[in-house]
Amino acid sequence: MSEERSVSEEGSGAGKGELSRDQAKPEVFPGGGGIEWVSAEETFGHSDPDRPDAAGVGPLLRGRLGFPIEFYPQLESTNRTLSQRALAGAPEGTTVIADQQTGGRGRLSRAWFSPPGVNLYLSVLLRPDVIISRAPLLNMVAAVAAREAFREHGIDVGIKWPNDLLTGGGLRKVAGILAEMRSEGERVSFVVLGVGFNLNMPQEAFPTELAETATSVCAVTGQPVSRPGFAACFLERLEAWYDRYLAGETSSMIAQWRASSVTLGQEVRWEVAGAMRSGIARDIDPDGSLVVQTADGVQRVTAGDVHLVGQL
Ligand code: BTN
């Protein structure tokens, strides 16, 4: 009997594939002896060098994650489409990227804001041969890899348990991770690891409900980010940490997570069966649970969200 659910808390379904777009238009590129008119179609295979598709991302990759890449101008959800590919037998490393999502999924049944042309919505298929209790650590693998990719792009981010990437004094969210798993008995069959990166979204373009809590790399640094370059950088970092995970070497990953945590040492609040609990976040367990010192003793938070008291 196989079962599909979020690595932390929710289920997933299958979706449908989409179309292609884009008429190539002539664009201007500097040539050797001055300015030449060159078709971007000729140079890049399409009219937009920032389009994070196979032609843009593939040549930048050196490892095995990111092969093959499926790019869609618009999808309901990259996680949903990749789950469908996984059920049909797609190999580990298969990556689905969309320019826009119409039903981007976040954790805890939230939506993920996914407008076109600015951000990166990417899902990668992992088939680790592990028992299901090891799967939640893949959230941390992704968070640590994403943090490194952000650093490479000039922005320092912290990790809020379990896997939000936040930046700046206001600790605004620049990326979120949704890992969805299918299991066979006690073993993982596959994990669809989906990450939404806010890269070039202008701050004023966030909807009101996100204006105070979300930001993008470009809004913080003033520098636009290449979406193909960022995608390749993340996939490369992910592979390096994933290989350590597969080899059973998770201590350096947990150490990295601890070092970049904005949760540890802070007062946190969370909900259990309708009741609010609070305490000081002290540590992260080797299984990824958050260890909290409360007035009633040490408690472990294994799923859901915690709120940083005095923040957000
Ligand atoms: C969160 O709530 O913080 C997780 C957000 C995850 C969003 C990404 S975007 C790519 C992939 N496809 C989805 O539908 N969701 C994930």
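Two strands count as paired here if DSSP finds at least two bridges between them. With that in hand, let's walk through this predicted model, starting with its sheet.

Five strands make up an open, antiparallel sheet, ordered β14-β13-β12-β11-β15. β14 (297–301) and β15 (307–308) are the edge strands with a single partner each, so one side of each has no neighbour in the sheet. Further in, β12 (residues 275–284) and β13 (residues 290–294) pair in the antiparallel sense over 4 bridges, and Ala 281 has Val 292 in β13 as its bridge partner.

Next, the nonpolar packing. The largest nonpolar core holds 67 residues, and Phe 150, Leu 165, Phe 197, Phe 234 and Leu 238 touch the most other members. Helix α4 (residues 137–152) supplies the largest share of this core, 11 residues. A second, separate core has 10 residues, including Tyr 72 and Phe 190.

Now for the charged pairs. The salt bridges number 21, and three of them are set out below.

| Salt bridge | N to O distance | Separation in sequence |
|---|---|---|
| Arg 105 – Glu 180 | 2.9 Å | 75 residues |

Arg 227 and Asp 99 are both buried. Glu 180 is buried because its relative accessibility is 1%, under the 20% cut-off, whereas Arg 105 is partly exposed at 21%. Likewise, Asp 305 counts as buried at 14%, while Arg 110 is partly exposed at 42%. Elsewhere, salt bridges link Arg 64, Glu 92, Glu 239 and Asp 243 into a network.

Technical notes
Residues numbered from 1 in each chain as written. Predicted model: local features only at pLDDT ≥ 70, side-chain atom pairs only at ≥ 80, totals over all residues. Heavy atoms only, no water. Helix = DSSP H or I, 4+ residues; strand = E, 2+ residues; numbered from the N terminus. Core = buried A, V, L, I, M, F, W, Y, C linked by side-chain atoms within 4.5 Å. Buried < 20%, exposed > 50% of the residue type's maximum accessible area, 1.4 Å probe, protein only. Salt bridge = Lys/Arg side-chain N within 4 Å of Asp/Glu carboxyl O.
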